[in-house]
Amino acid sequence: MQRILIVLTACTTLSLLGAAVSWAADGPVPLIPRTKFFGNPEKARARISPDGKRLAFVAPVNGVLNVWVGPANDWKQARPVTHDTHRGVVRFSWAYTNRHLLYLQDKDGDEDNHVYAIDLDSGQIKDLTPIEKISAELDTVSELFPEEILVGINDRDERYFHDLYRVNLLTGERKLVEQNPGYAALLADDHYRVRLAMNFTAEAGQVYLKKTAAGEWEEFIQVDAVDAMTTSPLGFSESGDQLYMLDSRNRDTAALQQVDLATGAAKLLAEDPRADIDNVIIHPTKKTVQAASSTFARRKWMVLDPSIADDLKYLTSVARGEIEITSRTLDDKIWTVAYIMDDGPVRFYLYHRDQKKTEFLFVSQSDLEGLPLVKMTPVVIPARDGLKLVSYLSLPAGCDADKNGRVDKPLPMVLLVHGGPWARDSWGYDPEHQLLANRGYAVLSVNYRGSTGFGKNFINAGDQQWAANMHNDLIDAVDWAIEKGIAQPDKVAVMGGSYGGYAALVSLTFTPEKFACAVDLVGPSSLVTLLQNPPPYWMPFMPVMKRRVGDVGTAEGREFLESRSPLFLVEKIQKPLLIGQGANDPRVKQAEADQIVAAMRAKTIPVTYLLYGDEGHGFARPENRFSFYAVAEAFLAKQLGGRFEPIGEAFRGASIEVPAGADEVPGLEAALQEKQTDDAKKDDAE
């Protein structure tokens, strides 16, 4: 089923670098190497094959993530089945042949994905979509047709209008199922029948259509703009005649509904008055919804099918943390289960249902165990107009003896702003929280208005409030932290990516005296140029951007967007700024960073600019992550007074360039010179 999601992701003592990272609870907290936080996992994404005979997961091969497969009853015999040497293979799934794995991959972050199939018997990897300049989608994989999958391909029209094809995994043959007449999405059931189509309306709502007996499309469900962000389909019943969907119409939070495709009659399955339903557990063959979850501050599960009640009860006793069921065999006898922690790695298990027995597999990063990682405390912060901002606070080890989210004396603080903005922060292990807390900072993440998960009223309160009430929520959170004695008023930094990067730029231009410094990763500097240069696949979504951000198509609208754009207020910047950008970013293009850097330099305002030639909207390669966070922590230490691990050899293997401001960060110029020397030696050797 195709879906569209548009988003712009002090109290310690310094120990000797390179020393062992074991520690005593009553001793000094060691400086944890940043490679512990931003490297690839050792193993992750455990997935059982549909027949239960094989286990697949991702793990590095020579430092690059690849897919490994081994016998489920002896998974330690697993061997790599992909052989990527650059950005890695992370997203994969099983086909129902039990001998094929499927994955998506683009080139250097350009988001032009292709669908690949791995034949485990022959070792052959086949591009199932060998067409230039497309962004293919893995649409539907059904046990009813083990050797075929549904793939969406936009080769006729790059504006995200995907045609649906049945693709044979053995031969690669493609057969057209449905040509897309111009809809944002086509929705198919497990019988590979296209049951619905979806389009955005000019008013930023959505309309769902179904086919008549004559083969014509007719309106089935109309969703107004106020409900569009909290109403969406999830899938179909076994017969394909019932639609499962999240639905906030005539209510605030999104409930789980079952809708009859013939009559339109809806049946309520699950609801939470404080938060949207955000996840479901569906039977692998019966396609019945067995449980649903919602997340206000922490996730909670609601059991709908008594047949799995004892399973979930048992699993809660196996390990602490929040449970995710990540795969199930077709006979439903074996599950893979992940346990999400806030102060440690993800733990993966096989669960044998008939025996009520779990088998420990592995943790995502074993070298995190035993480190002085910190807890993440949920806090609810009141906004000035009464909205409740669900937030998450991490404090340096040793600063919160009572474990109540409070400190004896104020600390320098980093405000971490999530991207999207139509996304959310949640409880769990966060490498940025852990790095910054280890360096001596309080760390606060805030679900500002416009964030998802808290009902339509909360999302809609963010409409056209970029750099306005959305920013006020961040200021209110900072003021709360200052009032509670957590944050030093003159030592607060703001840091984020995508929308969070925009928020960092807004912080220095709209509230220039509030923050000590800012770190912007792939954030837009001008809402005008952001909306004038969208990637092709944003085009169906542009009515939503018009309503929720602003109208770039009129003079009045452009004037409004300029008034909310940091680019036009650069002269107000008083505090240091660090910018990171991927050269291939299709969403927030490199020009967004280039133009604000140029404007600042024209006014002789210092700025440090890091550019990565092989990255897109975020950094996939660990070498690039190491280099970015090495600079970021040195930058923050200079401005906030925290400790940091010197840059050292963090640039080794990274594509980092520094077009501006290398002299503004301790150790940056020296690290660049060392990299240039190493690169020259490598070129000579080749």
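The legends below describe close-up views of a predicted model.

**View 1. The aromatic pair of Phe296 and Phe454.**
A search of the whole structure finds 26 aromatic pairs. In the pair formed by Phe296 and Phe454, the ring centres lie 6.0 Å apart and the planes meet at 85°, so the pair is edge-to-face; planes over 60 degrees apart count as edge-to-face. Phe296 and Phe454 are both buried.

**View 2. The aromatic pair of Tyr612 and Phe619.**
The rings of Tyr612 and Phe619 form a tilted pair, with 4.5 Å from centre to centre and 50° between the planes. Tyr612 is buried, and Phe619 is buried too.

**View 3. An aromatic cluster.**
One aromatic cluster is made up of Phe200, Trp422, Tyr448, Trp466, Tyr499, Tyr502 and Phe541.

**View 4. Charged ends over rings.**
Arg166 places its charged end over the ring of Phe145, at 4.5 Å from the ring centre. Arg298 has its charged end over the ring of Trp427, at 3.5 Å from the ring centre.

Leu416 belongs to strand S30 (residues 411–417). Its relative accessible area is 5%, so Leu416 is buried; the cut-off for buried is under 20%. Not counting residues up to four places away in sequence, Leu416 touches Asp425, Glu432, His433, Leu436, Val443, Leu444, Ser445, Val446 and Met495. His86 is 330 residues from Leu416 along the chain, and the C-alpha atoms of these two residues are separated by 29 Å.

Ser655 is located in the loop between helix H12 (622–640) and strand S36 (656–660). Ser655 counts as buried because its relative accessibility is 18%, and buried means under 20%. Leaving aside neighbours within four places in sequence, the residues in contact with Ser655 are Leu611, Tyr612, Gly613, Asp614, Arg621 and Asn624. Among them is Tyr612, whose ring pairs with that of Phe619. Lys675 is 20 residues from Ser655 in sequence, and their C-alpha atoms are 9.9 Å apart in space.

Technical notes
Residues numbered from 1 in each chain as written. Predicted model: local features only at pLDDT ≥ 70, side-chain atom pairs only at ≥ 80, totals over all residues. Heavy atoms only, no water. Phe/Tyr/Trp six-rings, centres within 6.5 Å; stacked < 30°, edge-to-face > 60°. Buried < 20%, exposed > 50% of the residue type's maximum accessible area, 1.4 Å probe, protein only. Lys NZ or Arg CZ within 6 Å of the ring centre and 35° of its normal. Helix = DSSP H or I, 4+ residues; strand = E, 2+ residues; numbered from the N terminus. Contact = heavy atoms within 4.5 Å.
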